[in-house]
Amino acid sequence: MADVEQIIKTNPIPEVQDRNRCAVANIITNYIHGSRNRSVPVDPVAKFCENAQAVTRRFLKDNPNVYVVRSDKGNKTVLMESEDYKKKMLELLQDRTTYAPIPRDPTSRYERLNNNIVRRIRNLDIIDDRTAKQLTRYNAVCPRIYGQPKAHKPGLPLRPVVPNITAPSYNLSKFIGKIFQQSLVSTYNIKDSFSFCQFINNVTLPENYVLISLDVKSLFTSIPKSLAISSIISRWDEIRPNTGICLDLFLEIVEFCIDASYFKFDGQHYQQIFGTAMGNPLSPAIADWVMETLLDTVVRMLNIPLPFLRKFVDDLITAIPISELQHVLDTFNSYDVHIQFTYELEVDNKLPFLDMLLTRHSNQKVTTQWYQKPIASGRFLNFRSYHPLSQKLNMAKNFARRVYQLSTDLDDREKAKIIDAQLQLNDYPKPLRHRIANRMNEHVDEHQQQPQNLEYTYRRIPYITHLSNRIDRVLQRDYGSIRLAKYNVRSTRELFTMVKDPVPPEQQSNVVYIIPCSNCEATYVGMTTNRLKTRIYGHQTHYNTLEKLLEQGSDANDPQIVALGEKTALMNHSINKQHRFDLKKVKILDKNVNAHTLQFLEMGHIASNKNCVNKRTDTEGLHAIYAGIIYEIGNINKIRNRHDTQEHTHTTTQNSR
């Protein structure tokens, strides 16, 4: 309802809003009643997913020493011993040339430095108030590092990933990264596989030249800060037209974003003292600029002409005389001692690159075919997965189009075999597989005929069988310019082990929370976009003020106490009933980064909770049409809570026995 309400409000006409609210509320109500009365058909896919989840959860509960994580490449799932995972992570973090332990959490300091920089560029009128607000952080949380197993390498080493989305400098890094992207006009970058396929199929190599690919070892963590700075200075004329920031200030911001790379693992805080962090939005942009400068320099240093040179992030491909292999490798590795390349030569005139296999023929022409690395699991969107059918069909068609367009080496029959085999691996029914494989030309035409520059706004709603598609059809009548992206409520992510250090509830922000009364069954529901501990500190401050006034002999009629009671319903209940809420038992009910959605969720939780002491004004923004659904949700939660209490009591009794 919160997701749909944000869509409905995009139309300014009240009549249109009410008409759609009524229609959506009617659909949801019928769905709830149908589910209860079992008149809504049971979806076999949903049932399959529920059973699979139950079996998996039971296994993980019985084997707490097993970690389930996603592999670095190949879309594989890896099971590891928990102690083995922790040992590998600690070995990785013992590299004192890259990581250094620090005694305390530096989030507050970096948050202050970030906001000072934002304030300076705002005072220079380089950004507007709205951008300044987006770049300013007050609720940052220390990033948590985790490792992704490299399943294709012996010993299962881990690739360190630091998701910086909660870091103080994340938005500022993203802002600077966009300036880099707008400024770079590369002669080497590959846009995608399709454009490279079209290019390479028109290339004829010189005689005695062979194909070779080069790859940088851990590019992001290998780039010295000094090299990044020198690349910016040398190419400043390309960056200057896209920003009003002067060079000195721009370099200061880049240095800050690189230096503010820190994280937490197993209770210990670390600073990354070399390279750029995997997960920092500025890292790919810096890597792109450094690689661009490196390639310009290396091409001038080589004593042989290269027929072509292309790169995709840190993967390079070119062609060289086989006799010049060592010279080429030495030249690339001489640019910087930290950035070292490995290479792969063609074997039997074939070389894999991206998702293609390049073949060099006797006439020195190059052709391609779709290719899947041996490390790949072959898994994509399974036909049994809990996704809309349209998403599965689009995925299958796009896969068929990919195989068809990238395989210039194969005839249609061979392409159809590849498509059929991959779709069968992902449980697609035989008739559907054949229809997709036999209509490859049509899928290519469909993609090419699609209008390219339509102005659509995309919004998200959860995918629920027999419900989401009906809501989508209703909203399309008045909201034709909006496209709904249905996100999955049953994700494998829920089953993967949480290997990152947990974020304590008090450090979380953008939450709806509930606090129980210590003296009765009453509860208070609130929301905050700041850290939860900041909001709880505010409640505690009110309590401290109340206690001080009572000690001074004031009563409930004192103007200061009356004013205190008007601040929140929590204080009003505490004063009138002489009760106290247990602030240590605060519980998070919901999270959402959208402030308007968060406000709707708060009102929904207040309305569905029968024991709330919140004021009537706290739910004034909740339309009356949702009252029936909220009532039903309240009953469902009541039954669920009673069941959880009985189950907890039963478990406690068994344990005591």
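Reader: What should I know about the model and its numbering first?

Author: The model is predicted: local features need pLDDT of at least 70, side-chain atom pairs count only at pLDDT 80 or more, and totals for chains, interfaces and linings use all residues. Residues are numbered from 1 along each chain as its sequence is written, and side-chain values use heavy atoms, with hydrogens and water left out.

Reader: How many helices and strands does the protein chain have?

Author: Helices (H or I, at least four residues) and strands (E, at least two) are DSSP runs, numbered from the N terminus. Here there are 23 helices and 19 strands. The C-alpha trace spans about 95 × 65 × 60 Å along its principal axes.

Reader: What share of the residues in the protein chain is buried?

Author: Buried means under 20% relative accessible area, exposed over 50%, and partly exposed in between (1.4 Å probe, protein chains only). Of the 657 residues in the protein chain, 45% are buried. Accessible areas come from the Shrake-Rupley method with a 1.4 Å probe; for residues, only the protein chains shown count as cover. The protein chain exposes about 35100 Å², and carbon and sulfur atoms supply 50% of that area.

Reader: What share of contacts joins residues at least 24 apart?

Author: A contact means heavy atoms within 4.5 Å. Take the contacts between residues at least 6 apart in sequence: 71% of them join residues at least 24 apart.

Reader: Now charges. How many positive and negative side chains are there?

Author: Lys and Arg count as positive, Asp and Glu as negative; His and the chain ends are not counted. The place of a charge is NZ of Lys, CZ of Arg, CG of Asp or CD of Glu. The protein chain has 85 positive and 69 negative side chains. The centres of the two sets lie 5 Å apart.

Reader: How many salt bridges does the count come to?

Author: A salt bridge is a side-chain nitrogen of Lys or Arg within 4 Å of a carboxyl oxygen of Asp or Glu. That rule gives 22 salt bridges.

Reader: Which residue forms a salt bridge with Asp-478?

Author: Arg-19 does, with the closest N and O atoms 3.1 Å apart. The pair links distant parts of the chain, 459 residues apart. Asp-478 sits in the loop between helix 18 (468-475) and strand 16 (482-488), while Arg-19 is in helix 2 (residues 14-37). Asp-478 is partly exposed at 28% relative accessible area. Arg-19 is partly exposed at 46%.

Reader: And Arg-531 with Glu-111: where do the two residues lie?

Author: Their side chains meet in a salt bridge at 3.4 Å, N to O. Arg-531 is in the loop between strand 18 (523-528) and helix 19 (532-551), and Glu-111 is in helix 5 (residues 107-123). They are 420 residues apart. Arg-531 is buried at 14% relative accessible area. Glu-111 is buried at 9%.

Reader: Are Lys-311 and Glu-292 buried or exposed?

Author: Both are buried. Their side chains form a salt bridge, 3.8 Å from N to O. Lys-311 lies in strand 9 (residues 309-312) and Glu-292 in helix 12 (residues 283-301), so the pair ties together parts 19 residues apart in sequence.

Reader: Which residues are linked in a network of salt bridges?

Author: Glu-5, Asp-18 and Arg-21 are. Arg-21 is in helix 2 and counts as buried at 5% relative accessibility. Leaving out residues up to four places away in sequence, Arg-21 touches Glu-5, Ile-8, Lys-9, His-623, Ile-625 and Tyr-626.

Reader: Which residues form a negative surface patch?

Author: Patches are made of residues with over 30% relative accessible area and no salt bridge; like charges are joined within 9 Å, nonpolar side chains (Val, Leu, Ile, Met, Phe, Trp, Tyr) within 5 Å. Glu-81, Glu-83, Asp-84 and Glu-91 form the negative one. Helix 4 (residues 82-93) gives the largest share, three residues. Glu-81 is in strand 2 (residues 77-81) and is partly exposed at 44% relative accessible area.

Reader: Last, the backbone. What is phi of Leu-156 and of Asn-208?

Author: Leu-156 has a positive phi of about 50 degrees, although not a glycine. Leu-156 lies in the loop between strand 4 (146-149) and strand 5 (158-161) and is partly exposed at 21% relative accessibility. Asn-208 is also not glycine, and its phi is positive, near 70 degrees. Asn-208 lies in the loop between helix 8 (193-200) and strand 6 (209-216) and counts as exposed at 65% relative accessibility.
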